Amino acid sequence: MNWILIFKLAWRNLWRNKRRTLITAGSILFAVILALLMDSMNLGSHEQIISNSLRFGTGYLQIQDTAYFETPSLDFAFDLDDHREAALNQLLGLHAYAVPRVESFVLAAGESETRGALVIGIIPELENRMNGFQNFLTEGEILNDDDQMVMIGSGLAQRLSLSLHDTLVVIGQGYQGMQAAGKYPIKGIISHPMEFLDNQLIYLPFEEASWLFVMDGKASHWLIMADTDKNALRVQQEIEKLLQGTELQVLHWKDLQPDLVKALAFDAVSGRIMQFILYVVIAFGIFGTVLTMTLERQKEFAILVSLGMKRHILALQCFIETILISILGVGAGIVLGFPVLFYFNRNPIPLGEGLSDLVKEYGMEPFLPFSLAPTVFIFQGVTMLILTLIITTYPVWRSLTFPVLENLRR
Amino acid sequence: MRTLLLLSWKNIWRNKGRSLALMMAIILGIAAGLLMFGLVAGLVMQRFNGLVENHLSHIQIHHKDYLREQENKMILPNPEQIRQGLEGLPNIKGYAFRTLSFGMLASGYNSSGVKITGINKAEEEGISKFKDNIIDGEYLDESLRNPLLISQRNARKLRVQLGGRVVLTFQNLEGDLTSAAFRVSGIFRTSDSNFDDLNVYVNQADLQELLGENEAYHQVAILLDSRDEAENIAGLLSEKLPEVDIRSWSALSPELRILVEQGGFIMYIFMIIILLGLSFGILNTMLMAVFERVQELGMLMAIGMTKVKVAAMIVLETTFIALIGGVIGVILGLGIHSLFAEEGLDLSGFADALAEFGYDAIIYPLLEAKDVGITIIMVFITAVLAAVIPAIRAVQLNPAEAVRK
Amino acid sequence: MPIIQTKQLFKIYNEDTIPVYALRDLSLDFEEGEFTTIVGPSGSGKTTLLNMIGGLDTPTRGDVFIDGTNIASLRKGDLIDFRLRNIGFVFQSYNLIPVLTALENVSLIMELQNLDPKSTRERALQVLEEVGLADKLHSKPSELSGGQQQRVAVARALASRPKFVLADEPTANLDSKAAMNLLDIMAKLNVEESMTFIFSTHDQRVIERARRVVTLVDGALHEDLVKSK
């Protein structure tokens, strides 16, 4: 079987009717590019949401007391004994790191106003490594590990009418219900991009926070940061072994935010459904072309078969012709689409005013993000391939079953 | 002209397979488009109603600086005057005065920052369906001292149950911190997780006592007959009551306004995209139909059919195919839509996910006659536009050459 | 006055480079009631001449007068209308619309002239009967034999009462019997209704029946033979 000949025939047949082939491939190109744009934007915003959630919220993994997930109370704070901690650090190596945290709600008071706020006990260097919060500093300086001072969000500062160097009072509930109270001068003011955090954020050095809540150096939970999810999953298994014999567990961020995961999945699925509808619509159009291409050549096929060409070779040729149109369309779509996506990936489109505010409330940056993840491209290829395979059944079936004599006489 | 119509109609069926394939594409595209339309519109309406009926209402009145500063001491200056101002205004279904405080909710296990809303049950009845969200317990049981409504999420976080004790701490009107114990009277769950995390409800009288002023109100929520009146009535009220801040729902929740405005917009874009995709198929099909009939078209022009009539014939053929597909597509779409319109589309599996976005698990799709009408018009326009090129090609033929081919 | 007059008709292709003379200085007159064939080898220009007379093509030089009107002077739209009302066409093939019945095909030409439905139907029935197809009114072309199809074409050409009928190789695809049949009908119409028929053909059978034979060679008039009765 001479594959080259078959391909050559198939290819040449496509160009017998250049206009028709181009329009058909063009329709695929159209669908692919639109689908790419939509998928990329969707995935881009998902990636952004997840990234924010990881860097500012949960980290890739968390080590917590098994009861903490249901009831995030300081009562379930813990300490890792030395040999476990050493083993953990060795396990994480250079690319992953552990960030102990103390987190609790308090009442924060300024001169005359009081507000609910969130105290987060941090290790400044590690925190910065995780989410670069030092870039958001607008006034004052970054905390040191041993400071007895705070950094607060600009929104909170405004609500409490406090400025740099003023004193912040915090009152809250500590370990086992003990009163936690403290007065701290404001060392720095942060303008956090996530508005709802900006309105209630108080950063305190970890040691001080642990002391404030009477936790004796314990952490409420540990965040584990890795550089990729794959690494995080690998590390998770190791940490599980390490934690055997304790009351602790290690959770993946997907376990910590199942609602977010499902929400993003729902969004992705609805996006995919819309793209699929478009593809099906285009597929019927392609079918019309393929139908015509097949029927108009019945006499020619009849002659070929009566001259001695085997039917399955003919069928194969038809099959390849159809697939080629698809590949042409999808290929062109990806080739054209990729630079566009690449450009917008590097130069995101700023959002218009209304959407901009809306998006900032959810902690996202007011830009339209585009993702370059391979799945975006793969989905187009695979979907189109499957639809094309379905379409090819017609010409293939026809080649294998059409009556020769009838068509010879035309 | 009768024969032209007849001819165009018959020409469609010359290549049944191809015409049917194209019609199928149009049918599916339109049906799917309408369904998505309905679902999205339904989602938007649901979110809107959820917010409005549960706590936003159509118009809210606050102290001039309250929305910006959100301080407990910013109470409404002249509640009586406001009540009088509201009397006799048209289109008002009801209103409720609310007392608010920002503070801390704490149990033995945990604490959380919350917004405390002190409500007047009688007034709330007229404007809010909030109490339908109560899944356990009572709606501020009078037999308890300081009854409180807490969300399911917070109840878990703080490890409290019905009858359990929690402490609310907040600043009173003097600026002093005050604390009081409350009993959990009921547990609620709305479709909006964020809302649930941030809100608790108590009796207005209890909260006012703690704040230190019996006539302390922070907010008046007004429900109208129709959401479209909101801007107008807010304007009317602003004139009557100049010293307070009066806002309609669209000003209070830009998120909602955008949702309502852009939800429909996005669906129209989707429909247009589908139609653009279809136009490729239409164009190709009609071009093939023209080129297969070169001799015949030449003959028609030779015997005296004007170019205009020939072009019209092509356009008619295209339009017939598109309209048949479009109308059947609409019928199919409406048919499936009506299946779901009663019972709603049950997405319970995604219930938690939807709640994250603020939606209920059951979506009731919504389609208006105008949506259907606009769809059909768009199909028609697409057909006519797609027919232009084939029609031009048809009349460009030279009759003498064409017949001889 | 002759119904068709050509005066010094030229059709030249590629005049600027290497000129090809499809028609060379043709001056011919055709009278009402003629049954004439234009003959000549392939490339002699007979189809070109027919296209000129039928207004389907324009001469490079010279004029064509139909019933006194110089058709070159007509604007495009008017020319189409002129053709519609004055000239009947029968082509070698592709005469009929496949999706219309015989009756509908014949009615088409009258509807294009905006004739009222009643007159249209009457006339259509009349001409179809004249060509002997009264029983095939509702048949589609695919249900008719080649000969029958051409007869419907003739009926259609006549339906609009043209000044003359141009037939380009009407018998080329027909077997002997059908060809004779068709010619008989055309001859009968020629005699009974004084309908002028001008053929372009190779077909001996047609040439034998014609009363005038115009022979073209290389685009120029070679012979113009009027047979005596």
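The radius of gyration used in these legends is taken over C-alpha atoms, and the globule rule is 2.2 Å times the number of residues to the power 0.38. Everything here comes from a predicted model, in which local features need pLDDT of at least 70, side-chain atom pairs count only at pLDDT 80 or more, and totals for chains, interfaces and linings use all residues. Residues are numbered from 1 along each chain as its sequence is written, while chains are lettered from A and ligands numbered from 1 in the order in which they are written.

**View 1. Chain B and its overall dimensions.**
With 405 residues, a compact globule would have a radius of gyration near 22 Å, but that of chain B is 31 Å. Its C-alpha atoms fill a box of roughly 100 × 45 × 30 Å along the principal axes. Two residues are in contact if their C-beta atoms, placed from the backbone, lie within 7 Å. Among contacts in chain B between residues at least 6 apart in sequence, 81% join residues at least 24 apart.

**View 2. The two domains of chain B.**
Domain bounds come from an automatic or database domain assignment. For chain B, this gives domain 1 (2-51 + 257-404) and domain 2 (65-242). Taken over C-alpha atoms, the centres of domain 1 and domain 2 of chain B are 50 Å apart.

**View 3. Chain A, from end to end.**
Chain A has 15 helices and 12 strands. Its radius of gyration is 31 Å, well over the 22 Å that the globule rule gives for 410 residues, so chain A is more spread out than a compact globule. Along the principal axes, the C-alpha atoms of chain A fill a box of roughly 100 × 50 × 30 Å. Buried residues account for 41% of the 410 residues in chain A. Of the contacts in chain A between residues at least 6 apart in sequence, 82% join residues at least 24 apart. The domain assignment gives domain 1 (3-53 + 260-408) and domain 2 (67-246) of chain A, with 49 Å between their centres over C-alpha atoms.

**View 4. Where chain A meets chain B.**
Here 51 residues of chain A are in contact with 53 residues of chain B. On the chain A side, at least two residues each come from α2 (18-58), β2 (97-109), β3 (114-122), β6 (167-173), α10 (258-295) and α13 (353-361). The largest share, 20 residues, comes from α10(A). By class, this side of chain A has 24 nonpolar, 18 polar and 9 charged residues; Ala, Val, Leu, Ile, Met, Phe, Trp, Tyr, Cys and Pro count as nonpolar, Asp, Glu, Lys and Arg as charged, and the others, Gly among them, as polar.

**View 5. Where chain C meets chain B.**
In this view, 21 residues of chain C are in contact with 18 residues of chain B. Helices α2 (76-86) and α3 (102-112) of chain C each supply at least two residues of the chain C side. The most come from α3(C), with 6 residues. That side of chain C divides into 12 nonpolar, 4 polar and 5 charged residues.

**View 6. The mixed sheet of chain C.**
Six strands form an open sheet in the order β6-β7-β8-β3-β9-β10 of chain C, with mixed pairing; two strands pair if DSSP finds at least two bridges between them. The edge strands, each pairing on one side only, are β6 (87-90) and β10 (220-226) of chain C. Strands β3 (residues 35-39) and β9 (residues 212-217) of chain C run parallel and are joined by 4 bridges. Look for I38(C), which stands opposite V214(C) in β9(C).

Another open sheet has 4 strands in the order β2-β1-β4-β5 of chain C, with antiparallel pairing. Its edge strands are β2 (20-30) and β5 (69-70) of chain C. Strand β1 (residues 4-13) of chain C runs antiparallel to β2(C), and 7 bridges join them. The bridge partner of L9(C) in β2(C) is L26(C).

Notes
Buried ≥ 20, exposed ≤ 12 C-beta atoms within 10 Å, placed from the backbone.
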